[in-house]
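Reader: I am new to this structure. Could you show me how to read it, feature by feature?

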Protein chains: 2
Amino acid sequence: MARRHRAAPAPATRFDRRLAEILTHATEVFCKKGYEGASMRDLSRASGMSLAGLYYYFESKERLLFLIQKHTFSTIVERLKARLEGVSDPEHKIRIFILNHLEYFLANPANMKVLSHEAEALKNGFASEVAAIKREYYRICVGLLDQLKSDRGLHFPTRIAVLSLFGMMNWIYTWHNPRVDADAEQLAREMSDIFLRGVMAGGRARR
Amino acid sequence: MARRHRAAPAPATRFDRRLAEILTHATEVFCKKGYEGASMRDLSRASGMSLAGLYYYFESKERLLFLIQKHTFSTIVERLKARLEGVSDPEHKIRIFILNHLEYFLANPANMKVLSHEAEALKNGFASEVAAIKREYYRICVGLLDQLKSDRGLHFPTRIAVLSLFGMMNWIYTWHNPRVDADAEQLAREMSDIFLRGVMAGGRARR
DNA sequence: ACTGTGTTCGAACGAACGTTCGAATTATCC
DNA sequence: GGATAATTCGAACGTTCGTTCGAACACAGT
């Protein structure tokens with residue numbers, strides 16, 4: 001009957017560790033079959049726990065997806081902030097932004113596909129909490145681009161640029177094949193080149 | 001019991017017209033609730049036809065999705081080919097490619113979301129037939145970029161560029177709001193600027 | 001009015017769905 | 001080793017799923 005409300009960050013109780021295992025297996029299933037397409041029985045099979053046993057760790061299938069998305073997104077934002085610390089050149093910052101995103105993407109493809117592809121699957125409270133993290137992540141990127149614009153006197157449309165960048169990066173889950181495609185560093189370099197030259201070339205002259 | 005195998009292109013029998021109506025309504029439902037999340041009863045309600053009546057027009061829910069995806073994708077490719085005819089400048093051709101994609105996207109957002117978001121929902125025969133059209137569309141874009149590369153002596157990675165471009169364009173279904181965002185022409189111009197400058201700036205010098 | 005074909009529907013099928021519950025099992029601490 | 005709490009499970013709940021079937025309806029042409 002006890003449910004932990006984890007204040008301590010590090011120790012990780014048995015409960016938390018087992019929950020994390022289930023989350024990992026569930027992520028793979030959601031990735032392969034989609035949130036709606038995956039049944040609780042699929043999750044039970046994948047995690048090696050009985051159907052009823054799963055409900056000791058979370059109260060609904062929706063909350064399980066929520067836990068996956070929130071953890072994934074929080075981790076990305078957290079790592080990004082740490083990497084941006086102390087860096088001041090806006091171009092360098094954007095390259096870090098892209099590299100951070102792609103590194104996590106290729107290291108945790110199932111997590112990122114579930115985050116990208118099942119973005120509309122949550123409802124009400126669950127949806128808004130993930131949306132808040134997404135908004136923060138979006139605003140960070142807007143901030144970096146605005147800084148680049150004012151530093152270099154550029155005049156591209158920020159919103160379109162940011163969302164195009166997200167599209168470039170998030171679409172990866174539909175095509176990346178680790179056996180034929182480059183690693184995160186090279187991919188990030190190539191995408192950064194295309195994107196940064198795209199917004200920086202042409203400079204002040206527009207329309 | 002009769003099922004038309006439409007050889008005539010124009011006349012459109014009553015059967016074909018009614019089927020097209022159902023497809024339109026079904027597209028909206030798939031768009032809103034997802035393929036797995038939409039039930040046949042949802043489709044019945046949306047199209048104003050009884051649950052059993054739907055099966056007179058198609059033999060399964062999966063085939064319904066297939067018909068939607070195939071028609072949407074075929075239309076895009078067909079329009080693209082018509083628009084590219086007679087154009088020889090590769091940059092212009094790529095701008096036409098992007099404009100064609102975005103115009104259709106914003107004019108038929110539900111169709112394009114179902115095409116983009118439910119790309120993995122079909123199985124076996126259905127999946128491979130749509131995949132064939134996708135491959136053709138992809139190869140056209142590769143051809144345009146290769147032509148641009150050889151014409152201008154550029155050295156960007158084609159595959160990454162094409163897939164980044166698709167990401168930029170297809171991601172739109174996650175954010176475009178007709179009340180705040182520009183129309184297709186302006187959007188296409190902005191994305192074309194970012195993308196084309198991205199692959200053209202820097203020129204021959206890479207690495 | 002009659003016949004045949006195209007179209008629609010109510011009712012039902014078995015299967016699978018998410019979730020619950022009480023009992024059984026396992027770990028923890030005195 | 002016995003008491004207490006944490007964890008797991010089999011079995012079942014009521015609901016909804018995609019699909020089927022035979023009867024009913026609509027509307028030709030005769």
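This is a predicted model: local features need pLDDT of at least 70, side-chain atom pairs count only at pLDDT 80 or more; totals for chains, interfaces and linings use all residues.

Reader: What rotation superposes chain B on chain A?

Author: The general idea: two copies of a chain are related by a rotation about an axis and a shift along it. Copies are superposed by least squares on the C-alpha atoms of residues with pLDDT of at least 70 in both. Here a rotation of 180° with 0.0 Å of shift along its axis brings chain B onto chain A, with an RMSD of 0.0 Å. That is the relation of a two-fold axis. In chain B, the C-alpha nearest the axis belongs to Gly198(B), 1.9 Å from it.

Reader: How many residues of chain B are in contact with chain A?

Author: Contact means heavy atoms within 4.5 Å. By that rule, 35 residues of chain B touch 35 residues of chain A. Buried area is the accessible area (1.4 Å probe) that two parts lose on being put together, summed over both. Between chain B and chain A, about 3,200 Å² is buried, and carbon and sulfur atoms give 59% of this. Trp171(B), Ile194(B) and Arg197(B) supply 21% of the area that chain B buries against chain A, more than any other three residues. The copies meet through the same surface, because 100% of the interface residues of chain B are also interface residues in chain A.

Reader: Which residues are closest to DNA strand C?

Author: A residue is near a strand if one of its heavy atoms lies within 4 Å of it. DNA strand C is surrounded by 20 residues, the closest being Met40(A), Tyr55(A), Ala52(B), Tyr56(B) and Tyr57(B).

Reader: Where do phosphate oxygens of DNA strand C come in?

Author: One is 2.8 Å from an N or O atom in the side chain of Tyr55(A). A polar backbone atom of Ala38(A) is 3.4 Å from a phosphate oxygen of DNA strand C.

Reader: Is Asp181(A) buried or exposed?

Author: Buried means under 20% relative accessible area, exposed over 50%, partly exposed in between (1.4 Å probe, protein chains only). Asp181(A) has 10% relative accessibility, so it counts as buried. Asp181(A) sits in the loop between α8 (158–170) and α9 (184–200) of chain A. A polar contact is a pair of N or O atoms within 3.5 Å; within protein, one must be able to donate a hydrogen and the other to accept it, and residues adjacent in sequence count only if both atoms are side-chain atoms. The side chain of Asp181(A) makes one with the side chain of Arg159(B), at 2.7 Å.

Reader: What is Leu163(A) in contact with, leaving aside neighbours within four places in sequence?

Author: Tyr138(A), Trp171(B) and Trp175(B). Leu163(A) lies in helix α8 of chain A. At 8% relative accessibility, Leu163(A) counts as buried.

Reader: How many residues of helix α6 of chain B are buried?

Author: 8 of the 9 residues of α6 (residues 109–117) are buried, so this helix of chain B is largely enclosed by the rest of the structure. The buried residues of α6(B) pack against α6 (109–117) of chain A, and against α1, α4 (61–84), α5 (90–107) and α8 (158–170) of chain B.

Reader: What is the phi of Asn124(A)?

Author: Most residues other than glycine have a negative phi. Asn124(A) has a positive one, near 50°. Asn124(A) is found in helix α7 (residues 124–152) of chain A, and at 69% relative accessibility it counts as exposed. Asn124(B) also has a positive phi, of about 50°.

Terms used
Residues are numbered from 1 along each chain as its sequence is written. Chains are lettered from A and ligands numbered from 1 in the order in which they are written. Side-chain values use heavy atoms; hydrogens and water are left out. Helices (H or I, at least four residues) and strands (E, at least two) are DSSP runs, numbered from the N terminus.
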